[in-house]
Amino acid sequence: MMKQLIVLSGKGGTGKTSVTAAFAHLAAGGRLAGQVVIADADVDAANLELVLQPQVLETQPFQGGQVAVIDQDTCLVCGGCADVCRFDAIIERDGQYLVDPIACDGCAACVYQCPTESIHMEPQVAGKSYVSESRYGPLYHANLDPGQENSGKLVTLVKQRARLRALDDDRQLVLVDGPPGIGCPVIAAASGADLALIVAEPTAAGVHDMQRVLGTLRHFGVPALVCINKADIYPEGAAAIETSCRADGVATVGRIPFDATVATAMVAGEAVTAFRPEAPASLAIAAVWERVLASLEAPT
Amino acid sequence: MKLVISIAGDNLQSPFDARFGRAAAFCLVDSDTGAWTAHANPALEAAGGAGVQAAQFVAGLGARAVVSGAYGPKAYASLSAAGIAMHLAPGNAPRTAADVLAQFQAGELSQAQAATQEGRH
Amino acid sequence: MRIVVASGKGGTGKTTVATSLALVGGESVRCLDCDVEAPNAALFLHPVLDRRQEVGIPLPRVDTALCTHCGKCAEVCQYHAIAVLGQTTLVFPELCHGCGSCTRLCPEGAITEHLHVTGVLEGGITADGLEFARGLMHVGEPMAVPVIRELKRWPPLRRPALEIWDAPPGASCPVVETLRGADFALLVTEPTPFGLHDLKQVVGIARELKIPAGVVVNRDGIGDQAVDAYCADQGLPILLRIPMERRIAEGLARGRSLLETAPDYRPAFQALLAAIQDRVNAEYAP
């Protein structure tokens, strides 16, 4: 039965993408060979492709939201549009009213307000989505153009495509690299997941954010496991995470040491477990992977 | 009575689509006569609230019941408000809308008592 | 003057740099933590958070006695947040952007708006006498931007000469909202392919908003030279390099700010602040 695993963190920079890439490599070399579809749900800062070296097969423009456009020829310059705009997106300059496309939320209040019907909404191309083939399996990813609204629509699109591909090909696992934070991109990425792995770091900031993302996952009913990356930077912090997770009924599935090999592998454009399988981080990630797999395969 | 079945295609022989809010299309069937029409789902590309939009669409078609695989909380709230009975065709076995219609007519389908899944964005 | 510290990639050291800058800025500094999904600056500045304000989105509420189910509200709503099904008008708070159209356009005047709380603003004075404020979005809420917007509008206690704002990671709408109105964008990156890729995204935003930018390379030495080459190519000044140092990482892990662990960095941050101020003053010189 097809399952979805998402890798999240709360705090940025804990190692989600490095761990996801390693999982993709380990899966391709183990009993899930040929059984995985990979998705990069961090469409804002899509980094997985940098270590999976995919070949892009299909590119599609992504229509994001819509932006208001004022027809200056029929505009009466009454200012009614600026009065109703709650997003500070309509400004008056040199006797004209103009829409700031960055600030515009696409609500169309101005369209309804305009007495001469001089405003219309235009769809915006907000990015691109891709279907690629990577060395470890099909990869579904996307790039949101800088500054665009990350409402979850593009994330949902990427995940749906990955999911449908897994169903069509009869593959067992969709492996999703998640975004940082706890808002709509994370909610969109995590919805429908059978299991979430949180990559935590044992720092004051990391623990704080881990708890926020755990709360979010609980809110949406997604079961979670926690692993601790760069654990040796603060071993007491790592132990504290393990204790608090145990108290909350959340299983911890391993510690990964800080290892300069991760950055070196990244520069080489490879997953750390492929680059140097005997590196301390690689061995630790492999152990975490076995535990995650066991959880995924356990009867629900 | 008018029944809607979520499908991945454009006719009664198309595969059943277990998604409601983001189903590819809906097949509107008269469960007494078997007459049917197919309609593309306008909510497919919605940023959020696909379930709401799909429910509005299905209500606008005059459906009194719908068969799908699962209903998110917003879809459930919307369909309930519209008084549309929500039936479930559970399981993963591939089947066509015609198969699902037969199951409905034979009284084999259960009704959803609550949203059957967490909201999908 | 308002300096916004952003990055693109998460975990590069925005909060580390923002809090260090705030600590060398002198008496009249206000530090704002705009990463409302996962705010961390307070962990290093230790403010006494005695100001508090709930914030959120103006959410429509329908008076069923007046509602005729005409469907106008559903027709104008671009987000499918209000829908008329059968004889019921439903509102979905998590989809609502608070634009006010349904309320304004209901022909029966049946809709009023009420605050749907999605977060809280907190503020106070830090251990070093700086003013601090942050937004904290409630778990389960999808939209950070409305909370950030309210945080930006929250009146300060004092009139600060210098504002240092810690932005969220990424390069989408929460970052744009935080950056809009800044005098300078200080972009913190790490010298790795992920760092570079995401730096380019946020440089794109700074350019579109026409905000002068400079770069801090944090954890210098762990990756390669590609970030340096990109900055040189783009005419982006690298204003500070912080080499990878385990003692700093260990200090941060334990909640000790960079300047607490490594006071030898004070002059470097003072120089960074001066360099930014020079650039901003030059930018806006008559």
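Tutor: Helix 7 of chain C and helix 8 (residues 226–234) of chain C pack at about 25°, and their axes lie 9 Å apart. This is a predicted model, where local features need pLDDT of at least 70 and side-chain atom pairs count only at pLDDT 80 or more, while totals for chains, interfaces and linings use all residues. Residues are numbered from 1 along each chain as its sequence is written, with chains lettered from A and ligands numbered from 1 in the order in which they are written.

Student: What are helices and axes here?
Tutor: Helices (H or I, at least four residues) are DSSP runs, numbered from the N terminus. Axes are lines fitted to C-alpha atoms, for helices over the stretch in contact, with angles from 0 to 180 degrees between N-to-C directions.

Student: How are helix 7 and helix 8 of chain C oriented to each other?
Tutor: Angles under 35 degrees count as roughly parallel, over 145 as roughly antiparallel, 65 to 115 as roughly perpendicular and the rest as oblique. Helix 7 of chain C and helix 8 of chain C are therefore roughly parallel.

Student: Which residues make the contact between them?
Tutor: Two residues are in contact if their C-beta atoms, placed from the backbone, lie within 7 Å. Helix 7 of chain C brings Pro193(C), Gly195(C), Leu196(C), Leu199(C) and Val203(C), and helix 8 of chain C brings Ala226(C), Val227(C), Tyr230(C) and Gln234(C). These divide into 7 nonpolar, 2 polar and no charged (Ala, Val, Leu, Ile, Met, Phe, Trp, Tyr, Cys and Pro count as nonpolar, Asp, Glu, Lys and Arg as charged, the others, Gly among them, as polar).

Student: How far apart are the end C-alpha atoms of helix 7 of chain C?
Tutor: The expected span is 1.5 Å times one less than the number of residues. For the 16 residues of helix 7 (residues 193–208) of chain C that should be 22 Å, and the end C-alpha atoms are 23 Å apart, which agrees. Just after this helix, Lys210(C) has a positive phi of about 60°.

Student: Which residues of helix 7 of chain C are buried?
Tutor: A residue is buried if 20 or more other C-beta atoms lie within 10 Å of its own, exposed if 12 or fewer, and partly exposed in between. Among the buried ones are Phe194(C), Leu196(C), Leu199(C) and Val202(C).

Student: What does helix 7 of chain C give to the side that touches chain A?
Tutor: The contact takes 51 residues from chain C and 48 residues from chain A. Helix 7 of chain C gives the most to chain C's side, with 9 residues. That side divides into 23 nonpolar, 20 polar and 8 charged residues.

Conventions:
Helix = DSSP H or I, 4+ residues; strand = E, 2+ residues; numbered from the N terminus.
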